Amino acid sequence: RCIRDSDSSKKNVGINALYFSGPITLTGFYERDQMSNPAVPSTYLGTTKTDWMLGGAYDFAVVKAFASYGQAKADNNPNKAKTVQLGASVPVGPAGKVLVEWVKTDLSQTKVDRKTYTVGYDHFLSKRTDVYAMFMGDKITNQTSGTSFGVGIRHRF
């Protein structure tokens, strides 16, 4: 899938690829955006952002493992953000699963990193409806750590 911005003064592009085969899932994307100011339409402000990420998952039946790696860079900032993510989904009974994830992002120039972990539970009430609860911890270098808790219900149409 390729998306192109309708404003011809900017050269924006996004490409995403997905692959599914049995227990394997692979994905990757690349995006390049020239930023503009919505107050001044069609005006390029000299900031181009590029992002890319590769990811995959393998379903071992007793656990589904996930991993991804990506980078992001803007031309008006010397930092390059490098992100690695590891996660797993563990089936619990016929309708539930425990979810865990750890993510780390390093900024190349400032020696700052961000570490986030999430633990949750997802329970399917039907084929299209589930309820979930998640707990997340977040820590950025030299900053106070934070936590979040969320619960919800989701219905797919």
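Modeller: Let us begin with a loop: Asn142 is located between E9 and strand E10 (146-155). Strands (E, at least two residues) and helices (H or I, at least four) are DSSP runs, numbered from the N terminus. This is a predicted model, in which local features need pLDDT of at least 70 and side-chain atom pairs count only at pLDDT 80 or more, while totals for chains, interfaces and linings use all residues. Residues are numbered from 1 along each chain as its sequence is written, and side-chain values use heavy atoms, with hydrogens and water left out.

Colleague: Is Asn142 buried or exposed?

Modeller: Buried means under 20% relative accessible area, exposed over 50%, and partly exposed in between (1.4 Å probe, protein chains only). Asn142 is exposed because its relative accessible area is 72%. Its phi is near 60 degrees, a positive value in a residue other than glycine.

Colleague: What is the average pLDDT of the chain?

Modeller: pLDDT is the predictor's confidence in each residue, from 0 to 100. The chain averages 90, and 87% of the residues score at least 70. Over residues 1-5, however, the pLDDT is below 50. That stretch has 12 contacts in the model beyond near neighbours in sequence, a contact being heavy atoms within 4.5 Å. Where pLDDT is low, the predicted coordinates should not be read in detail.

Colleague: How many helices and strands are in the chain?

Modeller: The chain has zero helices and 10 strands. Of its 157 residues, 23% are buried. Among the contacts with a separation of 6 or more, 28% are between residues 24 or more positions apart. The chain exposes about 10500 Å², of which carbon and sulfur atoms supply 62%; the areas come from the Shrake-Rupley method with a 1.4 Å probe, and for residues only the protein chains shown count as cover.

Colleague: In which sense do E5 and E6 pair?

Modeller: Two strands pair if DSSP finds at least two bridges between them. Strand E5 (residues 64-74) and strand E6 (residues 80-92) pair in the antiparallel sense over 10 bridges. Gly70, for example, stands opposite Thr83 in E6. The two strands, E5 and E6, form a hairpin with five residues between them.

Colleague: Over how many bridges do E6 and E7 pair?

Modeller: E6 and E7 pair over 12 bridges, in the antiparallel sense. Ala88 faces Val100 in E7. Three residues separate the strands in the hairpin of E6 and E7, where Gly93 takes a positive phi near 70 degrees.

Colleague: Which residue in E8 is the bridge partner of Gly96?

Modeller: The partner is His123. E7 and strand E8 (residues 112-124) pair in the antiparallel sense over 12 bridges. Their hairpin has four residues between the strands. In the loop between E7 and E8 one finds Lys111, with a positive phi of about 55 degrees although it is not a glycine. Lys111 counts as exposed because its relative accessible area is 70%.

Colleague: Which residues does Asp106 touch?

Modeller: Asp106 belongs to strand E7 (residues 96-107). Not counting residues up to four places away in sequence, Asp106 touches Lys80, Ala81, Lys82, Val112 and Asp113. From Asp106 to Lys82 the C-alpha to C-alpha distance is 5.3 Å, although they are 24 residues apart in sequence. With 32% relative accessibility, Asp106 is partly exposed.

Colleague: Which side chain has a polar contact with that of Thr129?

Modeller: A polar contact is a pair of N or O atoms within 3.5 Å; within protein, one must be able to donate a hydrogen and the other to accept it, and residues adjacent in sequence count only if both atoms are side-chain atoms. The side chains of Thr129 and His155 are joined by such a contact of 2.5 Å. Thr129 lies in strand E9 (residues 129-140) and counts as buried, at 13% relative accessibility. Leaving aside neighbours within four places in sequence, its contacts include His123, Phe124 and Ile153.

Colleague: How many aromatic pairs are found in the whole structure?

Modeller: A pair of aromatic rings is described by the distance of the centres and the angle of the planes. Rings of Phe, Tyr and Trp (its six-membered ring) pair if their centres lie within 6.5 Å; planes under 30 degrees apart count as stacked, over 60 as edge-to-face and the rest as tilted. The search finds three pairs. One of them joins Tyr58 and Phe60, tilted, with 4.6 Å centre to centre and 55 degrees between the planes. Tyr58 is partly exposed, at 34% relative accessibility.
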